[in-house]
Amino acid sequence: MTRPTLDDVAREAGCSAKTVSNVVLGRPGASAATRARIEEAIARLGYVADPAGRQMASGRTGRIAVVVPDLHQPYFAETAERLILEIERAGMSSTLVIAADQDAELRAVAAAQDVDGVIVCPHWLRDDLFDRTPPSRPTVQLGSRPTRVFDRVVMGEYEGFRQLTAHLLGQGRRRIALIWTGADDVPPGGARYDGYRDALAEAGVALDPALIAYGSDWDRRASGFEAMIALLTSGQRFDAVLCVNDAMAIGAMRALRMRGVRVPGDVAVTGFDDTVEGAYLVPSLTSVSPRTDEMAATAVHLLRERIEGETGAPREVLVGADLVVRDSS
């Protein structure tokens, strides 16, 4: 049986093929009566639009670029998967881009080709990088520092770290260390650190800078391991440790185990991101869920609005955070 064409629908509806095409693509212009005739003709003939043809006619590819800095960090691997599935649910396809440095990340956003839009989990992007090189496609930023250039979906970092710290204080822990990342001569900052600091202050517990240990790269388990070894070697007394994320917490727990320190008996340990890996550790890792599914759905929704023509100022959507208490605390 011959598959009905656009011309067949046009003859059946008594109008031009161009009018049928406009109705199929959702473009304005056809009267309500004409639109109704075309929709009835489509139903009678069983016409199905060719997706590739629709994309060509609309000037769109139906494809979204998902940009992450790496996949060895469990958070980025799991986030990329959630974004890809959410894009698929929205009727589009995806291209995964691993941007391992600032230049690659900038190219992925500022020079994106063959996609309708970009969702980026940035590590290096800053406002000034786009002074001369504006984004080539609608872009949504997932987490990280604000650039004030794109729509941004923000995880509840402050609330999550405040909840973690309050949880440890509620367990009677008072010497709560922090495993951070970066140079040890640069004071920590940002929403996660603020949540830790404010929860200590609310409980009347002094923040001791000597209990902050630094790893070289917060995306790697080895950084948590090296930071914990440094903390143990320092001789500082501590009964709990907040790690900036699950990856570093996993490395820290290995270091504690090697030194014969019991978790949580001697030291409670927490992470952030609620990765599957952390849930299956022994002991299982207390963490914070940043509601990654909700973040992915929100990012795809914002991007679709931009692709469809939304032109307002950059928007920011804050997603909550949920404390997930497990055996490590």
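Colleague: Where is Pro-264 found, and what is the peptide bond from Val-263 to Pro-264 like, cis or trans?

Modeller: Most peptide bonds are trans, and most residues other than glycine have a negative phi. In this predicted model, where local features need pLDDT of at least 70, side-chain atom pairs count only at pLDDT 80 or more, and totals for chains, interfaces and linings use all residues, Pro-264 is found in the loop between helix 10 (246–258) and strand 9 (268–270), and the bond from Val-263 to Pro-264 is cis, with omega near 10°. Helices (H or I, at least four residues) and strands (E, at least two) are DSSP runs, numbered from the N terminus. Residues are numbered from 1 along each chain as its sequence is written, while side-chain values use heavy atoms, with hydrogens and water left out.

Colleague: What is omega for the bond from Val-282 to Pro-283, and where does Pro-283 lie?

Modeller: That bond, from Val-282 to Pro-283, is cis with omega near -5°, and Pro-283 has its place in the loop between helix 11 (276–279) and strand 10 (287–289).

Colleague: Which phi does Arg-291 have?

Modeller: Although Arg-291 is not a glycine, its phi is positive, about 55°; Arg-291 sits in the loop between strand 10 and helix 12 (292–307), and is partly exposed, with a relative accessible area of 30%.

Definitions and conventions:
Buried means under 20% relative accessible area, exposed over 50%, partly exposed in between (1.4 Å probe, protein chains only).
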